Amino acid sequence: MAASSSLLALCGIATFAISLLYFLPRRRQSFVARSYPPGPKSPNMPALDAWIQYQEWGREYGDLVYIQEKNMLILNNFHAAVDLLDKRARIYSDRALTNTMKVCGADTLLSAQQYSDKWRRNRKLFQQIFRQSICNRFYPAQYKKIHQFLHRLTVAPEEFMQHTTSLSQGLIYAALYGLDIGSEDPFSQKAVQAANLLAQAIVAPFPAIERFPWLRFMPPWFPGCGFQRIAIGCVQAIKEADTIPFEKAVDNLKMGMGTSLVAELALENEGRPTEIEEIKSMGTTSFLAASDTTLSSISSFLLTMTQHPEVQSKAQAEIDHVIGRDRLPTFEDRLSLPYVESVYRELMRMHPPVPLGLFHLSTEDDFYRGYHIPKGCLVVPNIWAMNRDPNVYPEPDKFIPERFLNSPTGPFTKINNIIAFGFGRRVCVGRYMADNTVWLAVVSVLATLDLRKAKDNEGKDIDILGEYCKTFFRHPLPYRSAITPRDLQARNLILATAMVD
Ligand code: HEM
């Protein structure tokens, strides 16, 4: 009995051991495979202000919120975003490109391209142009456009929103093509038209082609292929936006009317049609990626300063002390102005232009914090929520530059800490240029102008609600303000500089 029971015990132990070896990994895997991160079941997906609802879900379910029926993972925590999108970038750097976007020509734009050799080649071209070490090549265009902005704010202050649009759109044409183009110009209208058509295609994909991808090869008259007309219009608009400023820049170079970055690149690549097409697309992508984002940041700055005169005064006192009153700020002043830097950092924290960044797509099954993240998962970095994490930023809805000024590291930390620029291998490729543009606009406005609330007929302040549009690119809705030069000296400085530029 003792012998047989010990034999049984041994068999039992052996069976258990074998089961451990054989079954456990499978059981573990199937257990883990079922444990997706928590999240709401069949929720109504918000169309507007989605980042607020996602942040709400974050409070209920935690840092990771998974919407199973959409295979979508919302990241509400900075460290989780870095762990996945940065440290595991190899499998989290794809983009979801619908068939509709493909037929509309969106795959010529770097930001929409799938993680592929084509993307790598194009990204290299962007990095060659926008990398930090040579960003000073944009300084002349940045000074010129921002000084022009100050001038316009001085002579027609009530049109401040229009001036901000002109600055944001005109800067890319000046920096890349050497062209002086305003937002009314047909060049930028073309690119805006392309952007609008693409936006429609993204928001409302064509159901027929999403179901039957082969329809892309059929003509517009084929039953169910009416979408082809819209798609052809979109491709045409992108092509024109690509070609018109490119040819103008090349012509200018050939006729000795001025050189530019794009024209020089075109000359270097003469006779290489693929490279020429990529250079053209680089220009259009830059325009589309830069104009709305820069517009959003600078508009948010103007609004925030109007709401916070005490911050303005403090920043102006710093500028007066460091720079004085008889010249405009330059990039060389940046490291001497910690409070201005803190204003800029707090602006980028509170008002990320793209609150949900651009979605990444996973290309392999993954496990993280005990959860399974399936291949093909749409990963949404909720930059809005990360920037309002009360554990990192106490009183997150208040504009407090001192949180950066008095932090142990101080305000001058590396640009990767500005999470408004996104994550990992898809992080904003134009971020060094963008950072310089927004900073220079911030410091130049503070140095020369006072931003106050407008007054009504009785001389009382008109309240500013501080409302924002609720769509993908977040920017302030129209409001009234009073923008005036700080004094006669500032006015003369603005007018004199605009004449020299
Ligand atoms: C305040 C200004 C800007 C902000 C806040 C901003 C923000 C962003 C964000 C959040 C992304 C997505 C990153 C990700 O996928 O994780 C992005 C991508 C991109 N940005 Fe920016 N951006 C700005 C200005 C610019 C400028 C000036 C340029 C170029 C001239 C630019 C070019 C691009 C491009 C090409 C991509 C796509 C990169 C890729 O998919 O590989 N951006 N940007």
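How far apart should the ends of helix 12 be at 1.5 Å a residue, and how far apart are its end C-alpha atoms? The 35 residues of helix 12 should span 51 Å, and the end C-alpha atoms are 51 Å apart, which agrees. The expected span here is 1.5 Å times one less than the number of residues in the helix. Helices are DSSP runs (H or I, at least four residues), numbered from the N terminus. This is a predicted model, in which local features need pLDDT of at least 70, side-chain atom pairs count only at pLDDT 80 or more, and totals for chains, interfaces and linings use all residues. Residues are numbered from 1 along each chain as its sequence is written, and side-chain values use heavy atoms, with hydrogens and water left out.

Helix 12 is also largely enclosed by the rest of the structure, because 28 of its 35 residues are buried. Buried stands for under 20% relative accessible area, exposed for over 50%, and partly exposed for anything in between (1.4 Å probe, protein chains only).

Now to the ligand. Cys-428 sits in the loop that links helix 16 (402-405) to helix 17 (431-448).

Around the ligand there are 27 residues, the closest being Arg-95, Arg-123, His-360, Arg-426 and Cys-428; a residue joins this shell if one of its heavy atoms lies within 4 Å. Sorted by class, the shell holds 15 nonpolar, nine polar and three charged residues. Polar contacts (pairs of N or O atoms within 3.5 Å) turn up too. A polar side-chain atom of Arg-95 is 2.9 Å from a ligand oxygen atom, and a side-chain N or O atom of Arg-426 is likewise 2.9 Å from an oxygen atom of the ligand. Phe-423 uses a polar backbone atom instead, 3.0 Å from a ligand oxygen. The elements giving two or more residues to the shell are helix 5 (117-130) and helix 12 (273-307), and helix 12 gives the most, with six.

His-163, in helix 7 (residues 160-177), is buried at 7% relative accessible area. Leaving out residues up to four places away in sequence, His-163 touches Phe-149, Arg-152, Leu-153 and Ala-156, where contact means heavy atoms within 4.5 Å. Asn-416, in the loop between helix 16 and helix 17, counts as partly exposed at 45% relative accessibility.

Terms used: A polar contact is a pair of N or O atoms within 3.5 Å; within protein, one must be able to donate a hydrogen and the other to accept it, and residues adjacent in sequence count only if both atoms are side-chain atoms. Ala, Val, Leu, Ile, Met, Phe, Trp, Tyr, Cys and Pro count as nonpolar, Asp, Glu, Lys and Arg as charged, and the others, Gly among them, as polar.
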